[in-house]
Amino acid sequence: MNDFPMRLQAYLSKCGVASRRGSEELIASGRVMVNNVVVRQMGVKVGMDDIVQVDGETVELADKFYYIALNKPRGYVCTNYDPNETMYARDLISMRDSNLLFNVGRLDKESSGLILFTNDGKFANAMMHPRYEIEKEYLVKIDRPVSVDDLNKALDGLYIDMPKPYRIKRYDFVPRTKLFLRITLTEGKNREIRKIFSFLGYDVKSLTRIRVGCVELGDLEVGQWRNLKKDEIDGLLSGRQSLRKQTRPKKERRTDGNRD
């Protein structure tokens, strides 16, 4: 049961518009109206008879929660509104209430792979809270073999364009290749992997997210989606990661770093 009056950002979150934080950004940018009046203040509360609109469309409380895994193709954006874009990842999810969904975290336009969608604001907030440290694993193709020394620098943290360091949690060389790596993050700053390798003098040729916590991309085809299983949802909320054994590689003294 929903208790009214309710804070506007909480109402938007329960409508499936965005996470609580994302809803606050919508309000601050002037994209939300209550009873045909633009609202920019965070303290505004709405009652059950108030009409709330986002970008001119009326939004209502959701009566069912959805948890979706999508294999996002390259070229699609993870936002529900951008006047400069035409290909939205959410539009690939062909279901009756797809307009209620919002993405949990992001993948940049040039990246592909696993992205989660939901209309459950509480779930989304939990997934993005730092204390959960949900792992995100990526398959990354680099323009040339990467040295172990450079990867160890990324493990320690690199100060690139902000006071806090960019840091990877783990790396693994893909067997029988020289240009592919598996990179695991927990923070997921904007374009973090691309910025790290660019700073170290490499060019990322492709980047595909293959895991979020205990949810694997698996054999989900590009552009296709599926509902998360109950044990996957429970696993994400409990902070469970992949069942595959994960270990932080020992730092090595090698300088060439080439692996076959």
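## The Glu-137 and Arg-211 pair

The side chains of Glu-137 and Arg-211 are joined by a polar contact of 2.8 Å (a pair of N or O atoms within 3.5 Å, where one must be able to donate a hydrogen and the other to accept it; residues adjacent in sequence count only if both atoms are side-chain atoms). Glu-137 sits in strand E10, residues 136-142 (strands are DSSP E runs of at least two residues, helices H or I runs of at least four, numbered from the N terminus). Glu-137 is buried, at 0% relative accessible area (buried is under 20%, exposed over 50%, with a 1.4 Å probe and protein chains only).

This is a predicted model, so local features need pLDDT of at least 70 and side-chain atom pairs 80 or more, while totals for chains, interfaces and linings use all residues. Residues are numbered from 1 along each chain, and side-chain values use heavy atoms, without hydrogens and water.

The largest nonpolar core has 35 residues, and Ile-183 and Phe-197 have the most contacts inside it (a core is a set of buried Ala, Val, Leu, Ile, Met, Phe, Trp, Tyr and Cys residues joined through side-chain atoms within 4.5 Å). Helix H4 gives this core its largest share, four residues. A second, separate core of 21 residues includes Ala-124, Ile-134, Leu-217 and Ile-233.

## Helix H6

Now to H6, residues 230-238, where Glu-232, Ile-233, Gly-235 and Leu-236 are buried. They lie on the same side of H6 because they cover an arc of only 160° around the axis, taken from the directions from the helix axis to the C-beta atoms. The face turned away from the buried side carries exposed Lys-230 and Ser-238. After H6 comes Gly-239, with a positive phi near 80°.
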